[in-house]
Amino acid sequence: MLKKIIFILLFLIVLFLGFNVKADNNDSIDIQIDSSNVYYFYSKLDTCAFSELHHIDTSLIGFQERDEIEIDDNFVSSLGNLGLASENIVFKIKNDFGFNFGNDAFDNYLLTINKAKYYKLYIPYTELFYEMGKRKEQYFTGTHSQNLAKYFNIGLYFRFIHSPGLYVRQKSDDKSFDFNTRFQSKNEKYGVLVNYIHNKINVEENGGIKSDSIFENNIETDRRLINVNLENAENQIKQSEFIIHQYLYLTKNSSNLNDSIKKSRIGNLFSFGKLSYSFRYKRKSFLYTEDSPLNDFYQKYDIVLDSTSTYDSVAVSKFENQIIWSNENLKNLSIYKPFNIYFGIRHVSISLWSENEQKKYNQLISFGNISFLVFKRFRLSTGMNYVAGGFNDGDFSWKAKLDKIFWKEKKQVGILSFAVNYVLKEPGWFYEHYYSNHFRWDNNFKKHGFGSFEAYFQKKNLKAGVVFNNLKNYVYLDTIARPAQYERSFNVLKAYLNKSFFLGNFYIKNSLVYQNVSNENILRLPKFILNACFSYNLKLFKGAAYIQPGIDVFYNTEYYADSYMPATRSFYLQDEIKTGNYFYADFFVNVKIQRTRFFLKYMHFNSHFSGYRYFMIPHYPMRDAEIKFGLSWIFYD
């Protein structure tokens with residue numbers, strides 16, 4: 001409670017500064033104040049470059065989807081309550097490289113440096129969002145960014161999730177906090193970004209309901225009277241990051257934009273470029289506790305070491321120092337540059353603490369990438385990573401990509417891409433070494449290999465493609481929730497289509513995924529996944545207000561979904577229960593009045609007449625029909 005008060009007070013202090021501190025701008029001009037003046041970008045610490053600028057979204061499109069695991073077509077299966085463990089149900093090779101602990105069931109709710117937003121703006125910007133649901137469910141976020149001086153920006157973001165859930169022992173209490181600051185010299189040659197991010201997740205674990213038939217036959221309508229498997233188990237995950245990222249351009253700034261374009265076109269292939277240095281500290285800890293280790297739920301697993309209580313803790317910390325050089329110009333126009341290159345080296349010091357051991361590792365990770373234009377309309381790029389030393393010594397990755405760029409009237413209208421990727425890396429530490437009250441193992445698995453080929457076409461509001469994956473020495477959790485390795489190779493084929501468009505006043509957005517796994521004894525995924533949104537846009541009172549009624553639909557085909565193990569915060573194979581073949585439908589109304597937006601959503605309204613078959617994870621029913629209300633305020637200056 002004290003930390004929550006401190007977070008709120010800090011936010012209010014920064015907000016107060018936003019109303020009282022004005023940026024010093026001698027070159028003042030008449031700037032129209034609207035949402036188009038506020039942009040954000042993500043920092044790419046591993047490529048020595050910043051992402052493209054994005055406008056903040058003040059529209060009603062997708063406004064009703066504010067849950068972190070609902071946005072950006074992130075298809076997951078969940079335990080039926082906001083803030084709990086979730087599992088991705090669309091196969092994707094993870095791009096993380098280096099030491100990996102390998103326990104990621106809560107990662108969808110962890111704020112990381114890759115998700116942190118930096119803002120580029122002229123005036124202070126603040127957004128507050130609040131959502132409320134059944135049984136005092138609350139979801140609250142706050143964002144503030146402002147320039148304290150012309151070249152000095154600070155930002156603050158926090159998120160609180162508190163959801164007791166519909167069933168006993170299902171409460172989630174998630175907190176995330178991000179404070180960042182950014183300084184840039186007057187000539188824009190030097191810059192520094194500083195971030196501090198903290199996450200704390202506290203959740204109750206009930207192990208699922210004891211009898212599915214009581215729910216499926218709706219024998220007990222008060223969900224809190226249905227018996228659950230665990231009565232006093234909890235998980236806690238903490239993750240903190242501190243990052244300092246500095247960069248220096250070694251080439252003079254071109255005084256004229258047209259001159260910069262002209263020089264890059266006539267063969268300015270090389271420059272002294274840009275040098276960057278990053279320091280990063282990251283700590284992640286896990287804690288599982290319970291007062292009744294001899295519960296029947298754990299009887300088929302390992303012998304319990306302590307029959308009175310469980311206190312399983314493990315923590316990982318990393319210190320990283322990284323240097324990168326690139327040929328990026330101060331005013332880098334990547335679509336014109338015929339040649340781009342960067343390479344770098346990262347030193348990582350890793351410490352790991354668990355119940356029975358303490359380990360320390362040091363490793364060097366070298367990486368680089370080259371891209372260049374071919375015949376003006378093609379761009380070819382290739383890059384690699386290599387790890388030397390430590391637990392995952394010898395990890396290696398290589399990727400290559402060919403883009404065919406389509407132009408119309410000097411505007412880029414589409415890209416056809418072909419990409420190959422190969423990754424050879426050690427399984428996560430969790431899969432090889434683990435020691436707890438209920439589970440213990442010490443494995444020596446081979447490195448697993450992932451190869452993929454992807455072809456896709458992308459243009460405005462459309463992306464369609466196909467991915468062929470080949471997996472060898474794949475590591476998974478078997479039907480008794482223990483790690484196993486399948487030493488042969490098997491394939492995963494994925495095809496996808498994302499399309500959104502307006503048809504008059506109608507807005508339609510569809511996402512469709514097809515997946516086929518050649519060995520379903522090892523990896524289970526739904527064959528088809530559909531997420532669709534249909535809405536109608538109305539302008540009221542001569543444009544003073546906008547209203548958007550609509551419906552969201554989600555569906556996946558039937559399959560043997562993984563079960564969830566609370567003691568290890570992980571998902572494992574099961575052969576008894578199929579989930580899926582069920583539509584989840586939400587009716588919503590979004591409203592915008594000037595800078596205020598709100599929505600009213602009747603979630604899962606079809607549960608009243610479609611039968612009680614709505615499980616995504618075995619023994620964890622999804623939520624019944626309920627009404628949610630959300631409200632967003634945006635402030636400038």
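**Exercise 1. The second largest pocket**

Determine how the lining of the second largest pocket divides by residue class, and state which residues lie nearest its centre.

Solution. By class, 7 nonpolar, 6 polar and 4 charged residues form the lining of the second largest pocket. The structure is a predicted model. The lining comprises 17 residues, and Lys300, Ser563, Tyr572, Glu576 and His619 are the ones nearest the centre. The volume of this pocket is about 350 Å³.

**Exercise 2. The second largest cavity**

Solution. Step two concerns the second largest cavity, which holds about 70 Å³ of space. Step three assigns secondary structure: at least two lining residues come from each of β32 (582-593) and β34 (615-617). Step four classifies the lining of this cavity, giving 7 nonpolar, 4 polar and 1 charged residues.

**Exercise 3. Nonpolar cores**

Identify the residues of the largest nonpolar core that touch the most other members, and list the contacts of Tyr564.

Solution. The largest nonpolar core has 52 residues, and those touching the most other members are Leu79, Phe101, Phe106, Tyr298, Phe439, Tyr564 and Met565. Strand β16 (residues 339-353) contributes the largest share of this core, 4 residues. Another core, of 23 residues, lies apart from it and has Val90, Tyr582, Tyr584 and Phe615 among its members. For Tyr564, residues up to four places away in sequence are not counted; the contacts then include Leu79, Ala85, Phe106, Glu205, Asn235 and Tyr620. As background, nonpolar side chains in soluble globular proteins tend to be buried together.

**Exercise 4. A sheet of 3 strands**

Give the strand order of the open sheet of 3 strands, and find the residue opposite Tyr40.

Solution. The order is β4-β1-β7, and the pairing is antiparallel. Strands β4 (54-55) and β7 (118-120) are the edges, each pairing on one side only. Strand β1 (residues 39-41) is joined to β4 by 2 bridges. Opposite Tyr40 stands His54 in β4.

Conventions. Residues numbered from 1 in each chain as written. Predicted model: local features only at pLDDT ≥ 70, side-chain atom pairs only at ≥ 80, totals over all residues. Heavy atoms only, no water. 1 Å grid on protein atoms, 1.4 Å probe; cavity = no way out; pocket = protein on both sides within 12 Å on 5 of 7 lines; lining within 4 Å. Points joined across faces, edges and corners; volume = space filled by probe spheres on them. Nonpolar A, V, L, I, M, F, W, Y, C, P; charged D, E, K, R; others polar. Core = buried A, V, L, I, M, F, W, Y, C linked by side-chain atoms within 4.5 Å. Buried < 20%, exposed > 50% of the residue type's maximum accessible area, 1.4 Å probe, protein only. Contact = heavy atoms within 4.5 Å. Pairing = 2+ DSSP bridges.
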